[in-house]
Amino acid sequence: MNRGIPRRLLAVAAATGAGVLAFAGTAPPAAATDDLTNGLTDLTELVDLSAAELVAETLETAADRVGLAADAVRELVESGAAVVGASGVLSYTDEFEAPDDHAGESEPAAPVADVPGDPAGGSRPGAPYTVYLDFDGATIRNTEWNRYYEQDVFELAPNAAAADAAYVYQVWARVAEDYAPFDVNVTTTDPGADALHKTSPDDDEYGMTAVVTDTTDIEPAVDASGRAWAGGFGNAFLSPAMIFAPVARDSNAPDVGNVVSHEVGHTFGLNHDGIGDDEYYGDTQADPASLWGPIMGAPWSAPLSQWSPGDYAGASRPGEDDLAEITATGTVLQTFMVYDGDQMWLDSYCTDAEDPDDPQPGDSVFKPNAQGTCDPAGDPLTLEFHYADRAAYAADDHGDGLDEATALDNATGQFSATGVIGSSGERDVFTFVTDGGPVTATAEGATVGQNLDLRLELIDGAGERVGDAAPESGTDPASPPTDRTASGLDAQLEAEVEAGVYYLRVSGVGQGDPAGNTASNGSGYTDYGSLGNYTVSGTAAAFEAAPITIISPEDGDEVQSTPVEITGSAEPGSTVTLTVGDEPAGQGSTDDEGTWSIVLTTDLPFGESTVTAQQTVGDIEVPETASVTVVVPVGPPTITRPVDGDTATTATPTFSGEGIPGAVVELSITCGEDTWSGSTEVNGEGAWAFTPGSELPNGQCSVSAVQSINGATSAQTDSLTFTVDVATGDDGSGGGDDGSEDGGDDGDEDGSDLPDTGTAANRMILAVGVVLLTLGAALYTRTRRTVTG
């Protein structure tokens, strides 16, 4: 029986649906429960939305969030292919019909090292976004899964196959390769809630848990190999994604890895990549020669799976740009849940929210009273908000142009480096120098779940291509059906060259024409999704030249701004060029002993500067460089206000002084046992000013400061003392207009003429504050012992 819509209706009715009692009005004061409820009796009329209206509204919200038509979402729900939760989020019921063929199946390969990191340490430690692979089982409560399926707790069993470290590695490596272009750490170590849950719109560290479980007898697992809420990345209420490993051909590692990447893709807002009438590209039995499939399809039998823009023939989502969706940071999704203590409140509620179905932080919610109305409202409930967002590309690890090439160390006649092709059209460039003769070079992708079809070019110092390799790719017919592999994704070249500087350029390529793809044979793809990890290595005759070194100064040495002398060694007779940053800073020649000494032709700024030396032997600019970081010391800033012994007549006095333009001045203010800190930047004229955001108490205080620029911090200034002396009533909280203590308009002792909210008094205080600020009232006055009249 199809329960898609009934389930959704129950969830909506519970949270925001038929019979929901809601109103808009003034927020109640924070007082006792009786005061809260009594304060709600004058609010506007009750809002009662019908179930039919809610169904349409929530379906439209879910459709808008995944970029589909409302009718398409309704069709998915009615067919059982998806459900829509009360938060207006969609979850596909991902059912992949993989070929049940274990013939020729091989044991998981031993871990290899071409995917950076390891499962426990992660693929990109320190990244702000995390995909946590949980093989150990989980308890799910207080989530959209529990609300939608009306189940207090789901217990997910561990994945028994994870007892095999090689299996875990295979799953992890496939997911890590799929997410290699992004600033995402894929790990099997629980990073904690802070690294997984986005707790505010400004929280920029979050992720998603993907639970790989052997449990298949719960409602979310019916007819599914995986489940996730679309667009829920980082949202605790929309976590976790679930992968039902036994459905993936009995925990077949390649299939489990594919399902994990697919489900996490949903949490980034991605829809299915289908073809023709197939919901998934891969539903139709693939030809043995079929090479390619989209990650958001069902690439069970394709050895090459990639992110897709829907550019193949018959695409069900033409133009849906997976990479753009995943990296659309700032696409914040806010959801809410109502709680009674630590339990979800699934009944009707009263609220002061402007939009009763979409409360915002600061709004209040209450139980209805015993009569089921809000006049007055019942006991207060708690609103909890959760947030989701997307990820970002990882920083480019190698330059794209010949002038930005990464130098390879070829001192032994062998070289090697690793990198990531992280975006469509990216090209990573490396450089080496050789004495001439044969050159061999290879670019190899990940040995587990490779997404990258490689091209490797050899370019000479004049920018002319002297070697090029991008072999035709194909499916290896001898590979097992449960782990198809491809040939021709890597690239190798050989060339005979003269002595000089050469470049190796690595890029991702496509093959064939996606317009010719069919449901059973995906062999055409572009360079769009040809992304991932690679290693470039090779051999070339070493160039015989002494390495360049910097002898003095040493790293971290303090120097004057000018003059600065740099000394070192290099190949005798070579020319040495110095740069600071990207700017030329001096040139000289080595003597017969190979030593050199150059005085910088530019003044060094305050703080840290890095000086780089490079040698040219004959007409060959040797790629290897030497560098040293030196420091021009920074003196403390000056504090011109207050002067030692001053008195401040405002609780938020302005401190000011002078410093190095562009430096950050950090102040420490101490009053008694309390300390305040703050920072401000020195302007282009060398002046700075700082006003604390909190009021300082009356009494004696002190202030000191340091300044920092370019990685260097000054010593602290001498501590200056001052006194805060704000007369009682100066803040506007004293007597009324006629001088009465109670602040009443007519001086009555009870002040009964004041409005209950105190709005008029607040406006007066605000107005006075504005005038004072305009007149520059935040001034210091020197304490004087002489009284004048």
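A disulfide here is a pair of cysteine sulfur atoms within 2.5 Å. The model is predicted, so local features need pLDDT of at least 70 and side-chain atom pairs count only at pLDDT 80 or more, while totals for chains, interfaces and linings use all residues. Residues are numbered from 1 along each chain as its sequence is written, and side-chain values use heavy atoms, without hydrogens and water.

Select cysteine 350 and cysteine 374 to start. Their sulfur atoms lie 2.0 Å apart in a disulfide, and the link is left-handed, with -90° about the S-S bond. This pair connects distant parts of the chain, 24 residues apart: cysteine 350 sits in strand 14 (350-351), and cysteine 374 in the loop between strand 15 (365-366) and strand 16 (380-388). Strands are DSSP runs of E, at least two residues, numbered from the N terminus. Cysteine 350 is buried at 0% relative accessible area, where buried means under 20% with a 1.4 Å probe, protein chains only. Cysteine 374 is buried too, at 5%.

Next, pick cysteine 671 and cysteine 701, a disulfide with its sulfur atoms 2.0 Å apart. What is the handedness of this link? With 110° about the S-S bond, it is right-handed. Both cysteines are buried.

Now move to the open sheet of three strands, ordered 26-27-30 with antiparallel pairing; strands pair if DSSP finds at least two bridges between them. Strand 26 (549-552) and strand 30 (595-599) are its edges. Finally, zoom in on strand 27 (565-569), joined to strand 30 by five bridges; here threonine 567 has serine 597 as its bridge partner.

Methods: Helix = DSSP H or I, 4+ residues; strand = E, 2+ residues; numbered from the N terminus. Buried < 20%, exposed > 50% of the residue type's maximum accessible area, 1.4 Å probe, protein only.
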